[in-house]
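I set out to record, entry by entry, what I looked up in this structure.

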Amino acid sequence: MAALESNFPPVRACLFDMDGLLLDTEDIYTLCNNVILREYNRPDLPWNIKAQLQGRPGPEAGEIFHAWAQLPIPCAEYIRKNRELQRKHFPSAQPLPGVPDPLKTLSESGVHMALATSSHTANFKLKTTHLQSMFRMFADEQKVLGDDARIPPGKGKPAPDICLLALETINSGLRKKGKKEIRREECLVFEG
């Protein structure tokens, strides 16, 4: 059997989503939504709706959820209740099994890494403040969050803009050091 030939360049950078990939937060999102649904005698969140919410910025996901749930409260009230529950539960978020070691290996091997998450700053802090040993592996300037002003309106996930911006944060640092930029084909994107 002939060996497969590969024309792929070496991987020089990895971009990571956070929720459902690095952190076990998807169950927390479901818990928060189900608490509100049960308060209004609605059925628990089904998978087909949850799949539409995943990876989207909070406000956009809230609108999709509220339109489906048909709660007898305004969307703004649902969002307030959901944020209150998230503030309570996000600080218990933990890395998914097996995540910290490969991140450490990549970091130590010289592969450039950036975070590209739809989580807004407040939720990011709630989810990660107690996990600094892991999130310290991402330089602050290479943490691109969902409320980053450099992401054009309407260009959050699933649009690629957040990942392109994350790669640009790496390349900006390389340019300042007079080093060769990373091309898109030299970058792996891990999305949860």
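Which strands does helix α8 lie across, and at about what angle does α8 run to β2? I found that α8 (residues 161-176) lies across β1 (13-16), β2, β3 and β4, and that α8 runs at about 145° to β2. Axes are lines fitted to C-alpha atoms, for helices over the stretch in contact, with angles from 0 to 180 degrees between N-to-C directions; contact means heavy atoms within 4.5 Å. Helices (H or I, at least four residues) and strands (E, at least two) are DSSP runs, numbered from the N terminus.

I noted the provenance: this is a predicted model, in which local features need pLDDT of at least 70 and side-chain atom pairs count only at pLDDT 80 or more, while totals for chains, interfaces and linings use all residues. Residues are numbered from 1 along each chain as its sequence is written, and side-chain values use heavy atoms, leaving out hydrogens and water.

**Sheet.** I read the strand order of the open sheet as β3-β2-β1-β4, with parallel pairing of its 4 strands. Between β2 (residues 112-116) and β3 I found 2 bridges; strands pair if DSSP finds at least two bridges between them. Alanine 116 stands opposite valine 144 in β3.

Beyond its neighbours within four places in sequence, leucine 71 contacts Ile36, Leu37, Tyr40, Arg42, Phe65, His66 and Tyr78.

**Cysteines.** I counted 0 disulfides in the structure. Cysteine 14 is buried at 2% relative accessible area, where buried means under 20%, exposed over 50% and partly exposed in between (1.4 Å probe, protein chains only).

**Backbone.** I found a cis peptide bond from lysine 157 to proline 158, with omega near 15°; proline 158 is in the loop between β3 and α8. Asparagine 41, in the loop between α1 and α2, has a positive phi near 55° and is exposed at 73%.

Technical notes:
A disulfide is a pair of cysteine sulfur atoms within 2.5 Å.
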